[in-house]
Amino acid sequence: MERVQATTDPENRAEVRCLEKVGFRLEGIVRRAQWRGGRWHDQLLFSILRDEFDQKTAGSSAGSTP
C-alpha cells in the first residue's frame with residue numbers, strides 16, 4: 001500500500017488531533033461532502049504515504065525495547 005487517506009468532520013477535533021499525531025497530513029477541505037442531520041457538511045481530507053509512515057514508526061520505535 002502506498003497511500004492511506006481519511007476524512008473527518010472539521011468539528012471532530014479529537015479525530016483531527018489523532019490523525020495528525022500518527023503522521024497524517026491535511027490535504028484540504030472537501031466541501032459539502034457528507035449529508036448528515038438534514039444538511040451538508042464539509043470534510044477534511046488527510047493522507048499519509050508509505051515513506052512518511054515508515055519514518056514515523058522508525059522514529060517512535062528507536063527508544064523502545066522488544
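Q: In which strand is glutamine 43 found?
A: Glutamine 43 is found in strand β3. Strands (E, at least two residues) and helices (H or I, at least four) are DSSP runs, numbered from the N terminus. This is a predicted model, in which local features need pLDDT of at least 70 and side-chain atom pairs count only at pLDDT 80 or more, while totals for chains, interfaces and linings use all residues. Residues are numbered from 1 along each chain as its sequence is written, and side-chain values use heavy atoms, with hydrogens and water left out.

Q: Why is glutamine 43 called buried?
A: Glutamine 43 has a relative accessible area of 8%. Buried means under 20%, exposed over 50%, and partly exposed in between (1.4 Å probe, protein chains only). Glutamine 43 is therefore buried.

Q: What does glutamine 43 touch, leaving out residues up to four places away in sequence?
A: With contact defined as heavy atoms within 4.5 Å, its partners include Thr7, Pro10, Ile29, Ala33 and Gln34.

Q: What makes the pair of glutamine 43 and glutamine 34 a polar contact?
A: Their side chains make this contact at 3.5 Å. The term requires a pair of N or O atoms within 3.5 Å; within protein, one must be able to donate a hydrogen and the other to accept it, and residues adjacent in sequence count only if both atoms are side-chain atoms.

Q: Why is arginine 32 called exposed?
A: Arginine 32 has a relative accessible area of 63%, and is therefore exposed. Arginine 32 is found in strand β2 (residues 25–36), and has a positive phi of about 50° although it is not a glycine.

Q: How do you know that β2 and β3 pair?
A: Two strands pair if DSSP finds at least two bridges between them. Eight bridges join β2 to β3, which run antiparallel. In β3, serine 47 is the bridge partner of arginine 25.

Q: Why do β1 and β2 stand at the edges of the sheet?
A: Three strands form an open, antiparallel sheet in the order β1-β3-β2. β1 (3–8) and β2 each have a single partner strand, so one side of each is left without a neighbour in the sheet.

Q: What makes up the largest nonpolar core?
A: A nonpolar core is a set of buried Ala, Val, Leu, Ile, Met, Phe, Trp, Tyr and Cys residues joined through side-chain atoms within 4.5 Å. The largest has seven residues: Ala6, Val16, Leu19, Phe24, Leu44, Phe46 and Ile48. β3 gives the most to this core, with three residues.
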